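Open the model in your viewer and keep the selection tool at hand. The tour below goes from stop to stop.

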Amino acid sequence: MNRYDLLTQLYSPNVERLFKEIYGADALTKQQKRYRGAIRYFDEQPCWDFCTDLENIHIFRAPSRTEICGNHTDHQHGEVLAAAIDQDMIAVAAPSDNAVIRITSDGFGETSLPLSADVAIPRIEQRGTAKALLRGIVACFLERNCTVKGLCAYLTSDIPQGAGMASSAAFENIVTAMLSGLFNQNTVSAERMAQIGQHAEKHYYGKPCGLMDQLASAYGGLLHMDFKDPQAPAIRQLDFDPSEFGYTLCLTDTHRSHGDLTGEYASVLREMYHIASIFGLEELRTMTPEKLMDRCYELCNKCVDRAFLRALHFVNENKRVKEIVAALEEGDAPAFLRLIQASGDSSFKYLQNIYSAESPQDQPLSVTLAISEAVLGDDGVCRVHGGGFAGTVQAFVKDPAAGKYRRAMDAAFGPGSCRPVKLSPHGSIMIL
C-alpha cells in the first residue's frame with residue numbers, strides 16, 4: 001500500500017484492536033502517533049530516492065523480551081520461560097530498484113549491505129556490527145533459495161540499547177520479517193525466523209548465544225521453551241498476566257552496556273561445557289544435582305571452582321522452570337514469586353553473572369538489586385534480567401507499591417530508568 005493508505009489504516013478498527021492487544025488500550029493514541037512519525041521520517045530519508053514501487057510500502061514490528069526463568073539454560077539444551085513485551089522496534093520499508101539493503105535507524109544512522117556475489121561470506125572486520133547481522137540473515141535466505149532483493153527501511157525503537165533487552169534479537173527478527181514480507185509472501189515461520197537470527201548472531205556477528213531471545217521475540221506471548229532438541233525446540237504458549245496476581249512487572253535499566261561483555265558470556269558456556277565433558281556429555285541437559293555432588297571433589301580439581309557452581313545453577317534452574325510453569329497453571333502466586341526470587345539468588349551466587357570478573361569494582365546490577373530489595377521489602381521480588389553482567393533488573397511489584405518503586409529507582413538511576421512493561425501476545429510481524 002502507499003503512504004496515504006498506511007496513515008489511514010493506522011486508525012482502522014483492525015489495527016486499533018491489534019495495537020490495544022500489543023500495547024494496551026491506554027497506549028493506543030501514543031502508538032498511533034509513533035507509527036505516524038515513522039512513516040513521515042521514512043519519507044524524509046535519502047534512501048527514498050531508490051524506492052520506485054510506491055504502492056508496496058509496509059510496516060513491521062519486532063518486540064523485546066523478558067526472561068521469567070531459565071537464566072543461561074538454553075545453550076545447555078535446558079528449559080526457559082520468556083515472553084515478548086510491549087517495547088519494540090518498528091520499521092517502515094519498501095523494495096528498492098538497486099541491489100542494496102539500506103536501513104536507517106533512528107539515532108544510529110544508515111547501515112547498508114550491497115547484495116554482491118560474496119554477500120554470504122562472513123567478514124572478520126565486520127564482526128560486532130549491524131552489517132554482520134544483515135550479512136548472516138541474507139546468507140540464510142539465499143541458502144534456502146528464498147528471494148532477496150534491495151530494500152529501503154526506516155527503523156525506530158524504544159528498546160534500551162545494550163541493556164539486556166534483546167535489542168539484537170529484535171533487530172534480527174525485524175530484518176527477517178521485512179525480507180519475508182516484502183519478497184517471500186510472509187512464508188518464514190516464527191521458529192525459522194528465530195533460527196536465522198541466532199545463526200547470524202553466532203556465526204557472523206561473533207557472539208555466542210542460545211535461541212531464547214529470538215524465539216520469544218518471534219512468537220510473542222509467554223513461552224515455555226524446551227531445548228532438548230535445539231533444532232526443533234518444544235514450544236508451548238502459556239496464558240499469564242502479572243496483573244492477574246496483582247503485580248506490575250518493572251524493568252530497571254542500569255545504563256551499563258552489554259557491548260563489551262562477549263567474553264563473559266563465552267565463559268559461561270565454556271565452563272558449563274567443561275563440566276559436561278568430564279561426564280562424557282555434550283551439554284548439561286541430563287545432569288542432576290546428585291551427580292554433581294557425588295563428584296564435587298573431582299570436579300573442583302579438574303576445572304575452576306566457578307564451573308562447578310555454574311553447573312549447579314543450571315541443574316536447579318532447569319528444574320525451577322518446570323516448577324514455575326506448574327505454579328502459573330495452578331494460579332499459585334506465592335509459589336511463583338518464591339521461585340522467581342530463588343532464580344535471582346542462584347544467578348547471583350552460583351551462575352555469577354551479576355558483574356564482570358574483569359572489573360569487580362564495577363557492580364551496577366549488584367547496586368540495583370540492593371536498592372530494589374531495600375525499597376520493595378515485602379512488596380515484591382527482584383532478580384537479574386537476561387544475560388547479566390550489566391543491563392537490567394526485573395521486579396514483580398505489588399500494584400499499590402509500583403509507583404513508589406519506580407520513583408525510587410528513577411531517583412537512583414535517572415528519569416525513565418524504571419519502566420513498567422506489558423506482556424505482548426504478538427511477536428515479530430508485518431503490521432500493514
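Select Asn 186, which is partly exposed at 40% relative accessibility. This is a predicted model. Asn 186 sits in the loop that joins helix H5 (167–183) and helix H6 (190–205). Its phi is positive, about 55°, although Asn 186 is not a glycine.

Next, select Asn 145. Is this residue buried or exposed? Asn 145 is exposed, with a relative accessible area of 71%. Look for it in the loop between helix H4 (130–143) and strand S5 (151–157). Asn 145 is a residue other than glycine with a positive phi, near 60°.

Now select residues 305–330, helix H11, together with residues 333–351, helix H12. The two helices pack at an angle of about 170°, and their axes are 10 Å apart. Angles over 145 degrees count as roughly antiparallel, and H11 and H12 are therefore roughly antiparallel to each other. To see the contact, show side chains: the H11 residues include Leu 309, His 313 and Ile 324, and those of H12 include Phe 336, Leu 339 and Tyr 350. By class, this contact between H11 and H12 has eleven nonpolar, four polar and five charged residues.

For the last stop, select Tyr 23, Asp 86, Val 421, Lys 422 and Leu 423, the lining residues nearest the centre of the second largest pocket. This pocket holds about 770 Å³ of space and is lined by 32 residues. Among the elements giving two or more residues to its lining are helix H2 (13–23), helix H3 (28–44) and strand S2 (79–95). The lining of the second largest pocket divides into twelve nonpolar, eight polar and twelve charged residues.

Key. Residues numbered from 1 in each chain as written. Predicted model: local features only at pLDDT ≥ 70, side-chain atom pairs only at ≥ 80, totals over all residues. Heavy atoms only, no water. Axes fitted to C-alpha atoms, helices over the stretch in contact; angles between N-to-C directions. Helix = DSSP H or I, 4+ residues; strand = E, 2+ residues; numbered from the N terminus. Parallel < 35°, antiparallel > 145°, perpendicular 65-115°, else oblique. Contact = heavy atoms within 4.5 Å. Nonpolar A, V, L, I, M, F, W, Y, C, P; charged D, E, K, R; others polar. 1 Å grid on protein atoms, 1.4 Å probe; cavity = no way out; pocket = protein on both sides within 12 Å on 5 of 7 lines; lining within 4 Å. Points joined across faces, edges and corners; volume = space filled by probe spheres on them. Buried < 20%, exposed > 50% of the residue type's maximum accessible area, 1.4 Å probe, protein only.
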